[in-house]
Every structure is written in structure tokens, then in C-alpha cells.
Amino acid sequence: MPVTLKEVAERAGVSRSAVSRTFTDGASVSEKMRSKVEKAARELGYSPNALASSLTTGRTKLIGLVSNNFHNPIFLEVFDLFTRGLQDRGLRPLLVNLTEERDPENSVRMLRQYSVDGVVVASSTLPPEFALAFRDAGVPVVHSFGRASSSPKVHVVGIDNVETGRMAARALMARGYKHVAFLGGPRDATSTQDRHKGFVEEMALHPDVRLTESFAKAYSHEAGRREMLRLLDDQPAEGYFCGDDVLSIGVLSAIKDKGLSCPDDIGIIGLNDMEMSRWENIDLTTIHQPIKQIVNSSIELMVAMLDEPDRYPEARIFPCSVVERGTLPELPA
């Protein structure tokens, strides 16, 4: 049988309320009292009951961690960082898959059933309406990997996707290509729209270079592979900016299937710098997104909002950088 709070109180020679205060964050208790209670708890092997504590404090310490892109391996890295970071701060992540969800209000109702203290929307493809729905319901929310804005309506942490499009275009132009292409993810994803916008804007400075564009059905290996196989049957470009790394890896697979090589026949630049992109057999030239910093900053904002729910929304936008590897030719001297 689990050890009870009453047994700890009896062992320590204090009241049950003193034991309860000892294990309640922010509660007033003397150091002498805390020492006696913690000693008794160790001797008995007592652990506080999180559910009982939530009834007393009105807080569950549950943070909804919601996303919709679970097939993308990058989110294994993202969820690992989020879950460990939240747990290190005494919070409990509740992972929620919104892949098939279209109605933000349904998401709000579902998370409210679990009495979450806050929500992190960890997605660059979920529409902004999802984060806004949580805000309007009075739930502290941070949109991680959200769309950059100078006047955000909710807390946003991420990158400037328009600028990454420009960076990719400049990287391709530095190789002297005369035909380049954008191969993005789903058209309705804000990340796709912004990366495409930046790429097209930068390429407008090079009217002598041919520009083509296409869009995969998802940010996935298979979607990237299928789209590239279709393109290779026509007139492929010399260099491609792929919407993210997992699309890029699918594109590399298609290039190999057609008996071509990268970067000798076709150059590729991706985005994210996910762990797989660094593998020797992939060696993907890509744009580094500072995922660890984005996750840590998102958690910092969430912790701050738990104490200050009306905190004015801010956007924390992190810079990116090109990582030179083996899928683009070396820069000319």
C-alpha cells in the first residue's frame, strides 16, 4: 500500500497540513519543519500525490503539447526536448495529436477535459487559429515554430521563414545555376507560403535565371520522393530548395532511383538541420533552424505565463544559418 500523508505526519511529529505545505510549491513552511518532513518522507518512501495536490492548489501542472506532424522525424527531436524541458521544471507534458483535426474548438474542448494549465502548439503547419482558440478560451498558450509577426496575438517562438527562403535562393545563386526550383510542402501551410515567398522575392533579383516551383502533399519522405520522381520525368532544375529536410531526403532517394547523382546532376538544399541530415550517407546541405533554443524559449514563456497569464504577447524570432555539406557543389573560390 502507498504511504499516506498521515503516516508521514505521524513519523515527523507534525500536522498533516504541515506535510501538505512542505510539498506545495510556494507554500510557507520553516526550514526546520521542511527538514523534519522530508526526512520522514525519505524513511517511509513517500511521494506526493500529484492529483491530490492539484485539488489543493487548483493547478494540475499539465501542459498540453499539441502538434499535427507526427510522421516527420524532426518532431522526435522536438518532443524529446519539450518533454525533458517541461519535466525538469516540474511540469507534466500531455502529448496531443491533431493530425486529423480541423476545428480549433474541438481541440480546446479536448484539452479542457484534462484541466491543462497551459498549451504549447508545436507546429509550423497548424493554422494560427488553433493557438488563438486557446487564447480566447483563457488558456495560456505559446505557438512554437509559429509564424513570425511584428505584432503577435499570442506568444510566438520560431524563425523568419521568409528569410530562410531568401537564404536558400542566395545559396543556389552562388553556385551559378541557370534553372532553380522551389519544392515545398503543402500549399496551405504558413511555413510553405513564407519560405516560397522569400525564395521568389530573392529570385526576382535574377531575371535571367529560370524559376520553377512545385508542392508536395505533405512534409514527408514519401511525398518528397513522389513529387521529385514526377519532376524528373520532365525537365528538372539544376538546383532545388526543398521545404524541409525530410522532403529533401525523399528527393535524394528519387534522384538516386533515376540513376542520377547529387550534387553532380542536381543540387539540393533543405531546411531544419535535423539529426538525419548529418548522417554520412545523406550529408545534406541545409539551413540550420535552432530547434533547441526555440524549445527552451517556448518553455520559458510558458512558465512565465503560468504566473502571469495576461503577459503581453511577444514574438521571439531566432536567426538561421546555411550548413554546407555534400548536396550542393562547393562554393567557387
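User: In what order do the six strands of the open sheet come?

Analyst: The order in this predicted model is β7-β6-β8-β9-β10-β12, and the pairing is mixed.

User: Which strands stand at the edges, and what does that leave them with?

Analyst: The edges are β7, residues 210-215, and β12, residues 321-323; each has a single partner strand, so one side of each lacks a neighbour in the sheet. From one strand to the next, the twist averages 25°.

User: How many bridges join β8 to β9, and do they run parallel or antiparallel?

Analyst: Strand β8, residues 239-242, and strand β9, residues 267-272, run parallel and are joined by three bridges; G239, for instance, has G267 in β9 as its bridge partner.

User: OK, and what does helix α8 touch on the sheet?

Analyst: Helix α8, which spans residues 161-173, packs on the sheet with contacts to β6, β8, β9, β10 and β12, and its direction makes about 165° with that of β8.

User: Which strands does α9 lie across?

Analyst: Helix α9, residues 190-203, lies across β6, β7, β8 and β9, and runs at about 170° to β6.

User: Changing topic: is L301 buried or exposed?

Analyst: L301, which is found in helix α12, residues 291-307, has 0% relative accessibility and therefore counts as buried, the cut-off being under 20%.

User: What does L301 touch, beyond residues up to four places away in sequence?

Analyst: With those set aside, L301 touches V142, H155, V157, R311, E314 and R316.

User: And how far apart are L301 and R195?

Analyst: They are 106 residues apart in sequence, and their C-alpha atoms are 26 Å apart in space.

Technical notes:
Residues numbered from 1 in each chain as written. Predicted model: local features only at pLDDT ≥ 70, side-chain atom pairs only at ≥ 80, totals over all residues. Heavy atoms only, no water. Pairing = 2+ DSSP bridges. Helix = DSSP H or I, 4+ residues; strand = E, 2+ residues; numbered from the N terminus. Axes fitted to C-alpha atoms, helices over the stretch in contact; angles between N-to-C directions. Contact = heavy atoms within 4.5 Å. Buried < 20%, exposed > 50% of the residue type's maximum accessible area, 1.4 Å probe, protein only.
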